[in-house]
Amino acid sequence: MTVEILYPELCNLYGDMGNMDYLRQCLAAEYHTTALGEEPWFVQHDVDLVFLCSMSERSQQRIIDALRPYRQRLAELMVQGKHFLLTGNAMEVFGKTITDGDEVIEGLGLLDVTARRIIPKRANSLFLGEFEGKKIVGYTSRFSHMESSLAPLFTVTKGLGRDENAAVEGVRAAGVLGTYLLGPLLVLNPDFTRWLLNELGAQDAPLAFEEEVRRAYEVRVQQFEGEIEL
Amino acid sequence: MKLRFALALLVSKCVYYGMRLLGRRASHLPGYFAVRICPDYLRYVRKAKTVICVTGTDGKTTTANLISDLLTSIGQRVANNRVGSNTEYGIATAMTCSVNLFNRCKVDAVVLETDEHYARIVCPKVRCDYIVVTNVLRDSLQRNAHPEYVAGKIQLTDCPSAKLILNADELCSAQLLQQNARVYYGIARQPGDVGYPPNRVNDCPLCPQCGARLSYDYVRYAHVGHVHCDSCGFASPNADWRVTAMDAEKRTLTLLYQGEELVLPMTHDSLFNIYNELAAIAVMHEMGLSVDTIRTALEKTALTKTRFASEQVGGIEVVNMMAKSNNSLPVSMVFDYIRKKEGRKAIILALDDLDETKSSERIGWIYDTDYEFLNDDGVVQIIATGVRCHDHLVRLLLAGVAREKLVCGENELEAIEQLRTEGVDSVYLLHDMSSYPQSVTAMAKIREVLEGAR
């Protein structure tokens with residue numbers, strides 16, 4: 001089992017590296033970290049999961065430029081059903097375009113995602129939703145909204161989805177899991193993490209600190225289901 | 001406009017004194033009315049001889065308070081916004097207090113803690129002489145997103161006559177507003193500095209000039225230290241005020257300024273606060289005050305009590321420290337400070353907002369915070385309490401802290417009942433900015449538990 005974490009020196013905002021901390025505790029795998037200027041591991045090797053997390057808006061351009069030479073390989077991996085976990089605005093990097101006022105930034109064009117920045121406004125919200133019958137909790141905090149014809153990752157019960165009025169959140173295309181949700185998603189949502197581990201073929205891998213993680217999850221679900229400011 | 005301003009000043013004064021009579025703090029509303037009546041209110045308030053704006057991510061409250069206290073201790077009359085709001089309205093209130101009803105200035109200096117988002121609005125209007133930018137670091141994600149965003153906001157400050165007082169060791173702020181004159185302060189390489197960023201968070205990994213990866217000459221936390229770029233030759237700026245030695249026992253700082261070695265009192269031995277003190281020293285010297293006067297002021301001044309207070313209870317040191325939650329680096333620094341202290345320590349984490357239902361702040365910050373620092377033999381117990389105690393517990397477990405050292409309970413006072421009283425040399429209560437009153441109650445409970453065990 002191989003997991004690649006892309007550009008963590010830039011893509012590490014909002015505590016989202018906690019996803020990989022948790023995955024490392026749950027899943028015995030080979031973890032490769034790729035820095036800007038290095039050739040990604042996936043170019044020459046097989047990978048089971050590629051992780052890219054939140055970054056600054058300026059860094060989105062840096063990451064698009066860094067990954068563009070490997071676009072074809074990324075497309076191959078996606079067709080093969082390899083898993084990609086894209087959190088925060090990382091999903092936009094794989095999309096078609098990011099519009100910022102009059103400027104249009106070309107993404108990698110690997111996902112049918114078009115993003116629209118709303119700077120200087122910010123979209124902040126708690127999130128309560130569902131994934132395959134299980135409750136999902138998290139947060140979103142971003143400078144953009146998105147549209148997509150792809151299947152969503154989550155449905156929205158409370159909070160912001162793809163845009164201000166969307167009833168769905170994120171995208172799911174074969175093994176690609178894209179979400180604006182911060183959390184860290186995997187720590188906050190033990191059922192989703194269990195599902196991901198199963199998807200990766202690690203049905204026997206126990207959830208790390210399951211009792212404590214579930215307790216925190218239950219408390220949060222209860223809070224988010226109650227009267228709470230979004 | 002003058003009539004409008006006069007009316008705004010009159011109303012602002014009336015609201016201020018009215019609220020004070022009612023026992024209110026009057027930090028926001030007097031300024032609110034002033035600005036609503038006269039949108040350019042800040043431009044019309046008669047300027048004091050010296051106006052200092054203190055902005056940045058961390059340390060602006062401490063630094064602004066320290067500057068105010070130092071100036072007051074040497075007999076200067078100072079107006080400031082320390083009672084509360086650091087946005088335009090709070091600052092307008094402070095400016096109301098700086099003049100009399102006839103708009104004659106009645107203070108020598110105005111010290112304004114200024115929110116990073118408001119610096120571009122406030123600094124030009126109040127015609128500030130000095131802008132202290134303590135740093136631009138990762139902060140509350142909900143409020144401040146990321147340092148590039150905050151630096152971009154401060155960069156919009158159009159106040160060419162103001163002199164900047166900047167931290168040479170923190171690159172995100174050191175590069176700001178290149179058109180302004182500037183004075184840098186910094187700390188030379190110290191024992192304990194390392195050759196790589198020691199925290200989970202490093203918000204300045206790339207050269208600001210060419211985008212290549214930076215090389216670190218030394219780092220003390222996050223990206224704070226001295227860097228250079230092998231690719232284009234860029235390097236951290238040289239500090240005009242440079243601490244060359246720190247003596248925590250004697251509480252002294254040895255500084256180099258224009259080739260002269262100076263020894264000044266150290267108000268606090270944490271690195272964060274030494275940087276804050278350096279900023280205060282630099283700005284006071286720029287104001288024309290002599291080093292001897294600054295030394296006298298420092299000798300008379302202690303840090304504000306809400307930030308740090310300690311006492312002995314039954315032979316155990318009990319420390320009440322503010323750790324600004326929702327903000328990873330200051331909390332990491334507090335963790336680092338505690339782990340480096342001698343002896344066996346118990347820590348009570350009371351870091352959260354008081355009411356989950358009224359807050360939508362995120363918990364992502366705890367995954368940017370170095371809870372790994374608490375995975376230390378000297379830390380014998382950690383009590384996670386407050387509305388997000390379960391999240392802190394998970395984070396501590398992920399950081400490798402042994403489960404048997406951990407206590408988790410939402411109710412702070414009940415959780416404190418489980419405080420270890422044997423085999424502990426010191427107890428640290430870490431509370432959030434907004435929960436100082438609750439921390440006083442918690443301190444009383446800690447005393448009760450420790451004294452009850454004697």
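**Exercise 1. Cysteines**

How far is the sulfur of Cys38(B) from the closest cysteine sulfur, and in which residue does that sulfur lie? Determine also how many disulfides the structure holds over all chains.

*Solution.* The structure is a predicted model.

Step 1. A disulfide is a covalent bond between the sulfur atoms of two cysteines. The cut-off applied here is a sulfur pair within 2.5 Å.

Step 2. For Cys38(B), the closest cysteine sulfur belongs to Cys14(B) and is 16 Å away, too far for a bond. Cys38(B) is also buried, with a relative accessible area of 0%.

Step 3. For Cys408(B), the closest cysteine sulfur is that of Cys389(B), at 3.5 Å, which is again too far for a bond. Cys408(B) counts as partly exposed, at 29% relative accessibility.

Step 4. Over all chains, the count of disulfides is zero.

**Exercise 2. A sheet in chain A**

Describe the order and pairing of the sheet of chain A that contains β5, and state what lies across it.

*Solution.*

Step 1. Four strands of chain A form an open sheet in the order β6-β5-β7-β10, and the pairing is mixed.

Step 2. At the edges stand β6 (103–106) and β10 (144–148), each of which pairs on one side only. From one strand to the next, the twist averages 20°.

Step 3. Within this sheet, β5 (residues 97–100) and β7 (residues 113–117) of chain A are parallel partners, joined over three bridges. Ile98(A) is placed opposite Ala115(A) of β7(A).

Step 4. The side chains of Asp100(A) and Arg117(A) form a salt bridge, 3.1 Å from N to O. Asp100(A) belongs to strand β5 and Arg117(A) to strand β7 of chain A, so the pair ties together parts that are 17 residues apart in sequence. Asp100(A) is partly exposed at 24% relative accessibility, whereas Arg117(A) is buried at 11%.

Step 5. Helix α3 (residues 57–67) of chain A lies across β5, β6 and β7, and runs at about 40° to β6(A).

**Exercise 3. An enclosed helix**

Why is helix α7 of chain A described as largely enclosed by the rest of the structure?

*Solution.*

Step 1. A residue is called buried when its relative accessible area is under 20%.

Step 2. In α7(A), the buried residues are Pro190(A), Asp191(A), Phe192(A), Thr193(A), Trp195(A), Leu196(A) and Leu197(A).

Step 3. Seven of the ten residues of the helix (residues 190–199) are therefore buried, and the helix is largely enclosed by the rest of the structure.

Step 4. Just after the helix, Gly201(A) adopts a positive phi of about 85°.

**Exercise 4. A loop residue**

Is Ser85(B) buried or exposed, and which residues does Ser85(B) touch, not counting those up to four places away in sequence?

*Solution.*

Step 1. Ser85(B) is located in the loop between β2 (78–80) and α5 (88–98) of chain B.

Step 2. Its relative accessible area is 16%, so Ser85(B) is buried.

Step 3. Leaving aside residues up to four places away in sequence, Ser85(B) touches Ser27(B), His28(B), Gly90(B) and Ile91(B).

Step 4. His28(B) is 57 residues from Ser85(B) along the chain, yet their C-alpha atoms are separated by 6.0 Å.

**Exercise 5. Chain contact and salt bridges**

Characterise the contact between chain B and chain A, and examine salt bridges between and within the chains.

*Solution.*

Step 1. The contact involves 34 residues of chain B and 45 residues of chain A. About 3200 Å² is buried between the two chains, 57% of it on carbon and sulfur atoms. On the chain B side, Glu148(B), Arg362(B) and Leu398(B) lose the most area to chain A, together 18% of what that side buries.

Step 2. Side chains of opposite charge can pair when their charged atoms come close. The structure holds 35 salt bridges over all chains, and six is the count between chain B and chain A.

Step 3. Glu9(A) and Arg213(B) meet in a salt bridge at 3.4 Å, N to O. Glu9(A) lies in the loop between β1 and α1 of chain A, and Arg213(B) in the loop between β6 and β7 of chain B, so the pair joins two chains. Glu9(A) is buried at 16% relative accessibility, while Arg213(B) is partly exposed at 48%.

Step 4. Within chain B, Arg138(B) and Asp203(B) form a salt bridge at 2.7 Å, N to O. This pair links distant parts of the chain, 65 residues apart. Arg138(B) is buried at 4%, and Asp203(B) is buried at 18%.

Step 5. Asp21(A), Arg200(B), Glu372(B) and Arg395(B) are joined into one network by salt bridges that share partners.

Conventions. Residues are numbered from 1 along each chain as its sequence is written. Chains are lettered from A and ligands numbered from 1 in the order in which they are written. This is a predicted model: local features need pLDDT of at least 70, side-chain atom pairs count only at pLDDT 80 or more; totals for chains, interfaces and linings use all residues. Side-chain values use heavy atoms; hydrogens and water are left out. Buried means under 20% relative accessible area, exposed over 50%, partly exposed in between (1.4 Å probe, protein chains only). Two strands pair if DSSP finds at least two bridges between them. Axes are lines fitted to C-alpha atoms, for helices over the stretch in contact, and angles run from 0 to 180 degrees between N-to-C directions. Contact means heavy atoms within 4.5 Å. Buried area is the accessible area (1.4 Å probe) that two parts lose on being put together, summed over both. A salt bridge is a side-chain nitrogen of Lys or Arg within 4 Å of a carboxyl oxygen of Asp or Glu.
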